[in-house]
Amino acid sequence: MPMIDPKTLASVTASTDTDLWAVTSGKRASVLGLTVTNYSGSDAVVKVMHTTSGNALQSYLFNNTVKSGDTVEVCSKNCLKTIPSTNKIRVNSAQANVSFQADGTED
């Protein structure tokens, strides 16, 4: 069984879609959890998206407001989402100083 391999971004540029995880060609990713922490002084609308390699939106894994100073964790006993080969998890925050982590495996 593959080990959980966290993918992290310590901060993002405000209102800019940013790659968090590009799935390796020939593999698929199983997303087991997400953690978003808002270090900014303002509430932030945050999106975690599943996209194609060309950045076409497939679905949202998270799309909500994270209050200033809060951490939101999305966990599951099973897989939250399976992402196909070469697809990506992209993130966006209305504020800078927001960190992201996706926990999962590739197989």
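Modeller: The side chains of Asn92 and Asp17 are joined by a polar contact of 2.7 Å. This is a predicted model: local features need pLDDT of at least 70, side-chain atom pairs count only at pLDDT 80 or more, and totals for chains, interfaces and linings use all residues. Residues are numbered from 1 along each chain as its sequence is written, and side-chain values use heavy atoms, with hydrogens and water left out.

Biologist: What makes the link between Asn92 and Asp17 a polar contact?

Modeller: The term needs a pair of N or O atoms within 3.5 Å; within protein, one must be able to donate a hydrogen and the other to accept it, and residues adjacent in sequence count only if both atoms are side-chain atoms. At 2.7 Å, the Asn92–Asp17 pair is within that limit, so the name applies.

Biologist: Is Asn92 buried or exposed, and how do you know?

Modeller: Buried means under 20% relative accessible area, exposed over 50%, and partly exposed in between (1.4 Å probe, protein chains only). Asn92 has 14% relative accessibility, so it counts as buried. It is found in strand β8 (residues 88–93). Strands (E, at least two residues) and helices (H or I, at least four) are DSSP runs, numbered from the N terminus.

Biologist: Which residues is Asn92 in contact with, leaving aside its neighbours within four places in sequence?

Modeller: Contact means heavy atoms within 4.5 Å. On that test, Asn92 touches Ser15, Thr16, Asp17, Val45, Val46, Lys47, Met49 and Phe100.

Biologist: How do Ser15 and Thr86 stand on the accessibility scale?

Modeller: Ser15 has a relative accessible area of 53%, over the 50% mark, so it is exposed. Neither is a glycine, yet phi is positive: about 60° for Ser15 and about 65° for Thr86. Ser15 sits in the loop between β1 (7–9) and β2. Thr86 lies in the loop between β7 and β8.

Biologist: Why do β2 and β5 stand at the edges of the sheet?

Modeller: The open sheet has 4 strands in the order β2-β8-β4-β5, paired antiparallel. β2 (18–22) and β5 (57–66) each have a single partner strand, so one side of each lacks a neighbour in the sheet. From one strand to the next, the twist averages 20° (axes are lines fitted to C-alpha atoms; angles run from 0 to 180 degrees between N-to-C directions).

Biologist: How do you know that β4 and β5 pair?

Modeller: Pairing requires at least two bridges found by DSSP. Strand β4 (residues 44–51) and β5 have 8, so they pair. They run antiparallel, and Lys47 stands opposite Asn63 in β5.

Biologist: What makes β3 mostly covered, and which strands does it pair with?

Modeller: In strand β3 (residues 29–38), 8 of its 10 residues are buried. Val36 has Phe100 in β9 as its bridge partner.

Biologist: What makes a set of residues a nonpolar core?

Modeller: The members are buried Ala, Val, Leu, Ile, Met, Phe, Trp, Tyr and Cys residues joined through side-chain atoms within 4.5 Å. The largest such core has 21 residues; Val46, Val48, Ile89 and Phe100 have the most contacts inside it. β3 gives the largest share, 4 residues.
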